[in-house]
Amino acid sequence: MSRYLMPLLAGLILASPLALADEPKRGGEITIIYRDDFDSMDPAIGYSFQSWTPIKAVFDGLVDYKPGTTEIEPDLAESYEISPDGKTYTFKLRQGVKFHNGRELKAADIKYSIERTCNPKTQSPGASYYTGIIGCQDIIDGKATEASGITTPDDYTVVFQLTEPNATMLHLFALNFAFAVPKEVAEEYGEDFTHHGVGTGAYKMVEYTPGQRVVLERNPHTDKDGRPYIDKITLQFGVEPVTGVLRIEKGEADTLGEIFPPAKYLEVSQNPAVKGRFLTVGQLNTNYMSMNFNIKPFDDLRVRRAVNMAVNKQRLVQVLNNRGTVTGQILPPAMAGFNPKFQGYPYDPEKAKGLLKEAGLGDGFTTELYFQNVDPWPRMAQVIQQDLAAIGIKVELRGLEMASLFGTAGKPDGAPMALTEWYADFPDPSNFYTAILGCGAAVEGGFNWSFYCNEDIDARAKAADALADPARAQERIDDWSKIMIDIIEQDAAWVPLFNSNRFSLRSAKLKGDETIFTDIISQPFNFEAAWVE
Amino acid sequence: MPTYIARRLVQALLILLGVSIITFVLLYFLPADPARMVAGRTASKAQVELVRMQLGLDLPVWEQYGRYLWNLLQGDLGRSYLQRTEVTTLIGARLPASLLLMLGAITCELLIGVTLGAMAGLRRGSAADQTLMVAALVFVSTPQFVTALTLLYIFAYWLGWFPIGGYGQFTHLVLPSITLGLLGGGWYARVTRSSVIEVLRQDFIRTARAKGLDRWRIVSVHILPNAALPVIAMIGIDVGYFMSSIVIVESVFGWPGIGQLTWQAIQQIDIPIIMGVTLVSACAYVLGNLLADLVSPLIDPRIKLR
């Protein structure tokens, strides 16, 4: 009897603190590992998945996403109202919100912060998102210093007038470029604001040492139903992700802020010791190959379709240790508007050869494929090179460093084919169109590397984005879904390849609901929502 | 001597000027567009052009270079395009780490390389010599990544003797220094060995032996100092190398040196940073070589600096 009783008792004794440990609690500190320095902690400047989550911790916007979801909720705003014509947004601010320097946030700060993003002196990479607010374009053009479309009837009300209805406007207010900064601090430090960031967020930035670390401390004045929990978060720069994984396994660090190192994937995914702490996460990402409509023979639909049918995506993903999910469409599964029924072009080299013959290219042709010269792009390029060789297309590989790739593929006659990926800035299908498939982006220096411009599609896209009425949200998503499928089915503007997954590994002490670590908005996780044991 | 140093410094300035012109022009002709990188992926063409103008990238290359040089003479290396931070701040923050690692690495290289090289040279042709030389070859040819990760895995992860990378304490310095010591020590061993063999042939060694001096004294007083000259020249070169080119070792050990900054900047064509680190590295090469040349006559009085 006692033989069985003892382990049972031991189990009970062990189990009770574990049960308690699953309750969120305040305190503790964690370290997050990054390979490189951030671009910036200034919300008007930071434009990388690495900097976005820390910026979100230090600064707040009018609205935010509920942790672990893509659902928008008021943040600095207490409530908001959209006019029936979709052109006026009125936000009521919460009272008593304070910047880390102790000053209360007022409506004027919201106005200033967005005007600062529009101001060409700031050189914000997000300025173009706000040109729909009346007056922002005038600031960009140097005709005004203030936006006439942003008004503050009182200290706790801010009103935005838009040039036209924009269904994605709330997402834009949730982006860091619209986060509130105190004018006096932003102007005191100018371009060095990144090292002296002061916001209203759940965390204060107490240290920024370039090349080494950023240290965040819990803001004692923030209390969102008990959140945030963790007292101190150190963002450690300059550590190779492989080393980072070793440190996490040893408990010397808590998670990676970078892309998980491919070299460690197989080992870690099969390690029973990290079970439950190593998660595969979908993200708003699609990897694809562009085919430049300006360069022969890619002006021929049959050739673009042939290339689509010649690439064995399944094998491509296998070469990458299954770190992605094969796709035949533009939108990733995590995005509203994704059509699970649409398979895209099947892998069919014979049919592809037939299409080439129809196009008068039965003997094949020679072309070039551009890509970034860091893993895994060269491996992907080689697989595609072999696949296309099988239907008679001879591909010369051109690996370049990132900036030169952008420069070359962004030229109208630059790259016949290019490998790249797109991460959406916000969870709306429109963000997968305008900058990479829209006519406006089919210009030199743009990111529409196929130089695809279908005016009919462009008009449908504009119409969908003008459907700002929340009651018609589903109709709008359905429109987008059809647009995205037509781009592939009718025009074969890309070869969609796969949606790459993110991998989240965390230390044993870092706790939280699983949805916190599989969040598609905040990578590696929403700093406000997790806790330590 | 002072005239010699002055002349070398003037030469150094000319070298730096040359390096800066070549780097600047090469960067100018890359297909990348820094203005687009700054303006962001959704910016309109007009916005990109505005940024180009603000950064002065619309000017002819010679005018751009002229402006750069003018600011440089006033100690202004400009601001990083992407981090928007002063390049001097970025380099300054990393300089101490780079210097410290340089010191640690050169010490290890000398300890490992000179010891092994001397042992091999003194027993030329023996089994020990051959083993050591094969070992040196292996160390030299192993990729940095492999050596660094192996040491990290064994001594930090598995045995737990050292922290798994990082910066700030002496224990953090040990493994990266040994890694670089092993990688570079192989070269030092080969150079020391041939140098020792060369010295062993000299008449004064025979004389010393004939006098009946003990073996240790011959090695320490007569052989090593005479064999040291090529090694000192190598240190001079290493000083420059360690100031910018040890990206992988820095990255594996999380060491915040200049190499990492260089790598990041090249990926993003952050021209002000690339120019800054190139100049710092060129300075280090020039100064390292100058120091090596100044030290040589102290060891071998036959060398005269003119």
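Predicted model: local features only at pLDDT ≥ 70, side-chain atom pairs only at ≥ 80, totals over all residues.
Chain B comes out as a helical chain, with 13 helices and 0 strands. Read from the N terminus, its run of elements is simply α-α-α-α-α-α-α-α-α-α-α-α-α. Along the principal axes, the C-alpha atoms of chain B fill a box of roughly 85 × 55 × 30 Å. The chain has 306 residues, and 43% of them count as buried.

Over in chain A, the feature to pick out is an open sheet built from 6 strands. The order across this sheet is 14-18-13-17-15-16, and the pairing is mixed. At its edges sit strand 14 (324-326) and strand 16 (393-400) of chain A, each of which pairs on one side only. Going from one strand to the next, the twist averages 30 degrees.

In general, strands of a sheet pair through backbone hydrogen bonds, and they can do so either parallel or antiparallel. One pair in the chain A sheet can be followed down to the residues. Strand 13 of chain A (residues 285-291) and strand 18 of chain A (residues 494-500) run antiparallel and are joined by 4 bridges. On the strand 18 side, A:W494 is the residue that stands opposite A:S290.

Technical notes:
Residues numbered from 1 in each chain as written. Chains lettered and ligands numbered in written order. Helix = DSSP H or I, 4+ residues; strand = E, 2+ residues; numbered from the N terminus. Buried ≥ 20, exposed ≤ 12 C-beta atoms within 10 Å, placed from the backbone. Pairing = 2+ DSSP bridges. Axes fitted to C-alpha atoms, helices over the stretch in contact; angles between N-to-C directions.
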